[in-house]
Amino acid sequence: MLEDFRTNKQREWRFESRIMKLGFFLFFLVLYLILEPGIFLLPQVEADDHDDEFVKVRGVQLMLNGRPYYANGYNAYWLMYMASDPSQRNKVSSVLQTAANHGLNIARTWAFSDGGYKPLQYSPGSYNEDMFLGLDFVISEARRYGTKLVLCLVNNYDNFGGKKQYVEWAKSEGQSIESEDGFFTNTVVKGFYKNHIKSVLTRRNNFTGVVYKDDPTIMAWELMNEIRCPSDESGNTVQAWITEMASYLKSIDGNHLLEAGLEGFYGVSKQDSNPNFHVGTDFIANNQIPGIDFATILIFHDNAELGKVMSRLPGSSNEEQILFLVRWLNDHIKDAESIQKPVLFAEFGVATKNMSTDSTTVRDQFFNLVYSAIYSSASDSGPAIGGLFWQLLAEGMDSFRDGYEVPLDDTCSTANLIAQESQKLNRIRMKKSFRVKNSKQWNKAREVKDSDKS
């Protein structure tokens, strides 16, 4: 009888012990889920005590608040333009919120519009305050929804002015410039551009009161959208220009990251990688410039220069073009590793209009190809830090459609694929965050132990 009593008591103690252990486990699990930002795919508003934190580079990784950061996002070049009209700002807010709901944490957009209709810059140094207020609003709303920004400072093309407009401004002041590529070499033109850099970086946001160069909502600046200088295929002109402008920008802003705005084409470093197509840039040499913090590449399934490169390959069937694309992605990841720079897939997409086959299936296959390359690299602590698809629009923006737009709604399989990529990258971030945290705790404990011995 006494033996049965003892046995029952032991069972009760073991049961209570298990309950207590389970309780402790659940308590700490709930506590972690509450404190760990970004676990759920909900719009995240950055906490005030993180407002002074900027995305940094550590080796081939991006870091935010001491933890690995991966950029899964989109392009929305039109944000400033639309926000310059207060009656249209709801479109900006809607896109940022919808994107955040799908786990997208970064957007790339224009911080330029030179001359022409509704410009940011009427003429060198003369700015349109309504347009600047639009950019102010974009940054403030991005902060509200926990979205980082990549802000591009000028265009290679004449859309929204670009380098052509800068050259025209210089010509109107008596400068003799033979081509648009004079943008990279003419002293007056370079002075105009440097003034724009300074004007944007030192702008004080009317909504937040924060100067742009001090705002952690901005992850990075981009020197030019798709830099090209075909008049000098040696690459020397672009190399010198990036070096000069990167140094100038960093002298004003030491907080933010900087990327050049490259498409990913090679120059003398690997001429065979893009045969018969050279635009005066070099993925390896340009990204080795000290002021450049991370590399970029642009990848489109069709209707882009990469497609032209693939179609020029001998006997390039569709299967061979896909194989070329896979090699293209992997080669850039390997080269980024070799030069010890992170690499962002800054644009990728598929033009679905006028496509004879199932356009959504083609787009999904292509997105999956890109996302798989990113995920594979990130899983191995490689240099691929994320991708930004082209493009995301708000409702009521039909005139902005170019065939590449992706609808973020529950009926779109591509939208689900995008959300899944966010979840996968977030799991990698969480896993690495634990490693970083445990490593810090271990080092701290070892320091305490060593100090006790001494």
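Reader: Trp 328: buried or exposed?
Author: Buried, at 3% relative accessibility. Buried means under 20% relative accessible area, exposed over 50%, partly exposed in between (1.4 Å probe, protein chains only).

Reader: What kind of model is this, and what are the pLDDT limits?
Author: The model is predicted: local features need pLDDT of at least 70, side-chain atom pairs count only at pLDDT 80 or more, and totals for chains, interfaces and linings use all residues. Residues are numbered from 1 along each chain as its sequence is written, and side-chain values use heavy atoms, with hydrogens and water left out.

Reader: How many aromatic pairs in the whole structure?
Author: The search finds 28. Rings of Phe, Tyr and Trp (its six-membered ring) pair if their centres lie within 6.5 Å; planes under 30 degrees apart are stacked, over 60 edge-to-face, the rest tilted.

Reader: What is the geometry of Tyr 266 and Trp 328?
Author: Edge-to-face, with 6.0 Å centre to centre and 80° between the planes. The partners are 62 residues apart. Tyr 266 is buried too, at 1% relative accessible area.

Reader: And Phe 367 with Phe 389, what geometry?
Author: Tilted: 6.0 Å centre to centre, 40° between the planes. Both Phe 367 and Phe 389 are buried.

Reader: Which residues form the aromatic cluster?
Author: Tyr 77, Tyr 81, Trp 110, Phe 112, Phe 160, Trp 390 and Phe 400.

Reader: Which residue lies over the face of Tyr 81?
Author: Lys 118, at 4.6 Å from the ring centre. The criterion is NZ of Lys or CZ of Arg within 6 Å of the ring centre and within 35 degrees of the ring normal.

Reader: What sits over Tyr 375?
Author: The charged end of Lys 424, 4.4 Å from the ring centre.

How values were computed
Helices (H or I, at least four residues) and strands (E, at least two) are DSSP runs, numbered from the N terminus.
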